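Subject: Structure for your files

Hello,

Please find the structure below. My notes on it follow.

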Protein chains: 2
Amino acid sequence: MILLSECQVNNALEAIVGKWKHKILFPLLNNKTMRFNELKREIPGITQKMLTSQLRELEDHDLVTRKVYAQIPPKVEYSLSEHGKSLIPLLDMMNEWGAAHAAHIATKKVEQIKNTKKEGSS
Amino acid sequence: MILLSECQVNNALEAIVGKWKHKILFPLLNNKTMRFNELKREIPGITQKMLTSQLRELEDHDLVTRKVYAQIPPKVEYSLSEHGKSLIPLLDMMNEWGAAHAAHIATKKVEQIKNTKKEGSS
DNA sequence: CAGCATCCTACAAGATACTG
DNA sequence: CAGTATCTTGTAGGATGCTG
C-alpha cells in the first residue's frame, strides 16, 4: 500500500523524462564512454541544442558524468555515473513492460477491428 | 545489452507520463474503484479538465477501466484494469528508485554547500 | 569539436463558464 | 455528478547562426 502523498514516482520520472533523455542513456548503458558527436550520431534526429541541454539535465541529476579534456580540438566524454548505474534495472523493467504494453495494445486494436467488421457485416 | 533501436522505454513512458497520470493511478492501486469526484478530491490541485483528459488517455492505454451507470445523477467508476495491474511492480520500482534518487541528490547538495563554505573560508 | 545565443512554434496544461 | 467547450499561457522543443 503506497500513499499518494508519499509517492516518489515523480522523482524518477523527472530524472528520465524528456523526449531524448532515455535515448541518450541507452548508448551509455552499453558503451563505457562516448564523445558528444558520437552520441549525436547515435541518436537520429537530435539537434545539438537538445543533446546539450538534455545532457546537462542528466548531469544535474548525477546520472551522467562529463569529462572535459583541455585540448584543441576539444574533447568531451560522457559516461554513466555510479549513481546512474542504479537506473539500469529500472530502465530494463521499463523496456520490458513497454514491449509487453505495445503488444497488448496491438492485440487490442486487432480485436477492435474484428468487432468493427462484424458490426459492419451484420 | 539493449539496442537503442529496439528500446521500448518510450512506450512505457508514454503510458504513464503526464503531470497527473501516475497521481491518478496511485489511488486506484489501493482502492478497487473510485468515482470521478472522489479522485478529484484525492488529487490536490487537479482541474476537472485535466482529470478527464488524463483518465481518457489512461483508458486509451487500457490501464484504467471506466464504468458508467446510466442514472441521474450520473455515476462513473474508475478502476485499474487487468492490464493496468501489470504496472504495479514497475510503479513500485519507480517509487523506490525515486526515493533513493531524491536522497542521493539531497546528500550531493549538502556536500556542495560544504565545499562552498570551505572555499569561502579559505 | 563541442558547444552557446537567439528566435520561433506547437502543444501541454490552466482558468473559466456552461450542460445532459 | 461528471463531464464538455473555449480561451489563454507557459514552456519544451526546434531552427539557425556564431565561436573558443
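**Two residues, then the whole**

Lys21(A) sits in helix α2 of chain A, which covers residues 21-30 (helices are DSSP runs of H or I with at least four residues, strands are runs of E with at least two, both numbered from the N terminus). The model is predicted, so local features need pLDDT of at least 70 and side-chain atom pairs count only at pLDDT 80 or more, while totals for chains, interfaces and linings use all residues. Residues are numbered from 1 along each chain as its sequence is written, chains are lettered from A and ligands numbered from 1 in the order in which they are written, and side-chain values use heavy atoms, with hydrogens and water left out.

Lys21(A) is buried, with a relative accessible area of 1% (buried is under 20%, exposed over 50%, partly exposed in between, with a 1.4 Å probe and protein chains only). Setting aside neighbours within four places in sequence, Lys21(A) is in contact with Glu14(A), Ala15(A), Ile16(A), Gln54(A), Glu57(A) and Leu58(A); contact means heavy atoms within 4.5 Å.

In chain B, Gln54(B) belongs to helix α4, residues 48-60. Gln54(B) is buried too, at a relative accessible area of 6%. Not counting residues up to four places away in sequence, Gln54(B) touches Gly18(B), Lys19(B), Trp20(B), Lys21(B) and Ile24(B).

**Chain A**

Chain A has six helices and three strands, in the order α-α-β-α-α-β-β-α-α along the sequence. Its radius of gyration is 20 Å, well over the 14 Å that the globule rule gives for 122 residues, so chain A is more spread out than a compact globule (the radius is taken over C-alpha atoms, and the rule is 2.2 Å times the number of residues to the power 0.38). The C-alpha trace of chain A spans about 75 × 40 × 25 Å along its principal axes.

Of the 122 residues in chain A, 37% are buried. Among its contacts between residues at least 6 apart in sequence, 46% join residues at least 24 apart.

**The two copies**

Regards
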